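This report covers charged side chains and a loop residue. The sequence and the coordinates come first.

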Amino acid sequence: MSVTSWFLVSSGGTRHRLPREMIFVGRDDCELMLQSRSVDKQHAVINYEAGTDEHKVKDLGSLNGTFVNDVRIQEQMYITLKLEDKLRFGYDILSPL
């Protein structure tokens, strides 16, 4: 098991440690809640895969999209996150990873 810790860092500098499990990102009833009208109630999911020690993000069909390095990711498809990737959920920027 890796001893590396992964964090999401908001544009304001707030750090959110990514657990080694699946978390939901959204406006309501999620592990990581973002207060933005551009974020759906359940917007995206970030999943940890222990076998590869990787975090992956998937958009859950949100209206305003999930972006990795300013590229909108396809709905319902996991994208592997890399060090220094910039995530955006709707219009909210979280970076770097």
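The structure holds 2 salt bridges, a salt bridge being a side-chain nitrogen of Lys or Arg within 4 Å of a carboxyl oxygen of Asp or Glu. This is a predicted model, in which local features need pLDDT of at least 70 and side-chain atom pairs count only at pLDDT 80 or more, while totals for chains, interfaces and linings use all residues. Residues are numbered from 1 along each chain as its sequence is written, and side-chain values use heavy atoms, with hydrogens and water left out.

| Salt bridge | Closest N and O atoms |
|---|---|
| Glu49 and Lys56 | 3.7 Å |
| Arg88 and Asp70 | 3.7 Å |

Arg88 in strand S10 and Asp70 in the loop between strand S7 (66–68) and strand S8 (71–72) are 18 residues apart, and the pair links distant parts of the chain; strands are DSSP runs (E, at least two residues) numbered from the N terminus. Arg88 is buried at a relative accessible area of 17%, whereas Asp70 is exposed at 62%. Buried means under 20% relative accessible area, exposed over 50% and partly exposed in between (1.4 Å probe, protein chains only).

Asp85 lies in the loop between strand S9 (79–80) and strand S10 (87–89). Asp85 is buried, with a relative accessible area of 5%. The side chain of Asp85 is 2.7 Å from the backbone nitrogen of Lys82.

Methods
Helices (H or I, at least four residues) and strands (E, at least two) are DSSP runs, numbered from the N terminus. A polar contact is a pair of N or O atoms within 3.5 Å; within protein, one must be able to donate a hydrogen and the other to accept it, and residues adjacent in sequence count only if both atoms are side-chain atoms.
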